Amino acid sequence: MPLVNARDMLTKAKAGHYAVGQFNINNLEWTKAILLTAQELNSPVILGVSEGAGKYMCGYKTVVGMVNGMLEELNITVPVALHLDHGSYEGALKCIEAGFSSVMFDGSHYPIEENVEKTKELVAICNEKGLSLEAEVGSIGGEEDGVIGAGECADPEECKKIADLGVTMLAAGIGNIHGKYPENWQGLSFETLDAVQKLTGAMPLVLHGGTGIPADMIKKAIDLGVSKINVNTECQLAFAEATRKYIEAGKDQQGKGFDPRKLLAPGFEAIKATVKEKMELFGSIDKA
Ligand SMILES: [Zn+2]
């Protein structure tokens, strides 16, 4: 099945009280692991690409070519969206041009008026091309591709303002952080989430920084209207740990253990296991 935008899968998720995972990709192994797991578990999935990862993978056209090739060669029939993560305005335009099916415009660092103006322009373009658009209000904490946020809580009125522009899904800062959570983390602000959900109604809400949020908090966030959860760091940690174990066990020095297809296999399996665990937690299995 060709790429789809994220609108239908997230509308269904919101109505069905589960969430679709966005798993960020870094290379061929990542992409294949995520797509195969989604297919095996009959789950919709969103492949996330940050601007940095896009550059690393030789540009958005290369990413689109790789993903479209895999959808066909692996006979993927579950709904798959290819989504720009934390895009700049220019980055969003490039991805739309390259064939992504969904983009995020992160205008959270602009004054709200400028965020509104730029988001409005992208809503018009995405509607015309049939793409889904994610907007962000209130920056997400931690660091992602050099963008450092303080983990603030979004103003629910500002969220409504952006939601009313016609975006498909909305990321609101609710004390969540990219990367690993610090020991003294205060937890998610369900008060903020509840207030945002009440004002934005049927709009699917997005939870960034899914790595390390306790399962009960994830479940509560889904109850309060979160229908898309972004996972990135957790797959990276799982991949690194499995690869380290392989090397530390000296397996790369046994037989043809140095063959990249063998060397990268444990990391590949670790990503699959992480994606499976998340899909179980988010409730998206058999929802394709
Ligand atoms: Zn994010």
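In the predicted model, the largest nonpolar core comprises 76 residues. Ile34, Leu47, Val103 and Leu170 have the most contacts inside this core. Among the contributing elements, α12 gives the most, with six residues.

Helix α12 spans residues 265-282 and contains 18 residues. The distance from its first C-alpha to its last is 26 Å, close to the 26 Å expected at 1.5 Å a residue. Buried positions occur along the helix and include Pro266, Gly267, Ala270, Ile271, Thr274 and Val275; Lys278, Met279, Leu281 and Phe282 are likewise buried. Just after α12, glycine 283 adopts a positive phi of about 80°.

Val103, one of the core residues with the most contacts, belongs to strand β4 (residues 102-105), which is covered on both faces. Ser102 and Met104 are buried on one side of the strand, and Val103 and Phe105 on the other. Apart from neighbours within four places in sequence, Val103 is in contact with His83, Leu84, Gly87, Ala92, Cys95, Ile96, Cys126, Leu131 and Leu133. Of the elements around β4, strand β3 (residues 80-87) pairs with β4 in the parallel sense over three bridges, and glycine 87 stands opposite phenylalanine 105.

Phenylalanine 105 has alanine 135 of β5 as its bridge partner. Together with helix α6 (residues 112-129), β4 and β5 make a right-handed β-α-β unit.

Leu170, another of the core residues with the most contacts, is touched by methionine 203. Methionine 203 lies in the loop between α8 (190-200) and β9 (205-207). This residue counts as buried because it has 25 C-beta neighbours inside 10 Å, the cut-off being 20 or more. Besides Leu170, methionine 203 touches Ala163 and Met169, when residues up to four places away in sequence are not counted. The C-alpha atom of methionine 203 is separated by 17 Å from that of phenylalanine 190, a residue 13 residues apart from methionine 203 along the chain.

Key
Residues numbered from 1 in each chain as written. Predicted model: local features only at pLDDT ≥ 70, side-chain atom pairs only at ≥ 80, totals over all residues. Helix = DSSP H or I, 4+ residues; strand = E, 2+ residues; numbered from the N terminus. Expected span 1.5 Å × (residues − 1). Buried ≥ 20, exposed ≤ 12 C-beta atoms within 10 Å, placed from the backbone. Core = buried A, V, L, I, M, F, W, Y, C linked by C-beta atoms within 7 Å. Contact = placed C-beta atoms within 7 Å. Pairing = 2+ DSSP bridges. Right-handed = clockwise from strand over helix to strand, strands pointing away.
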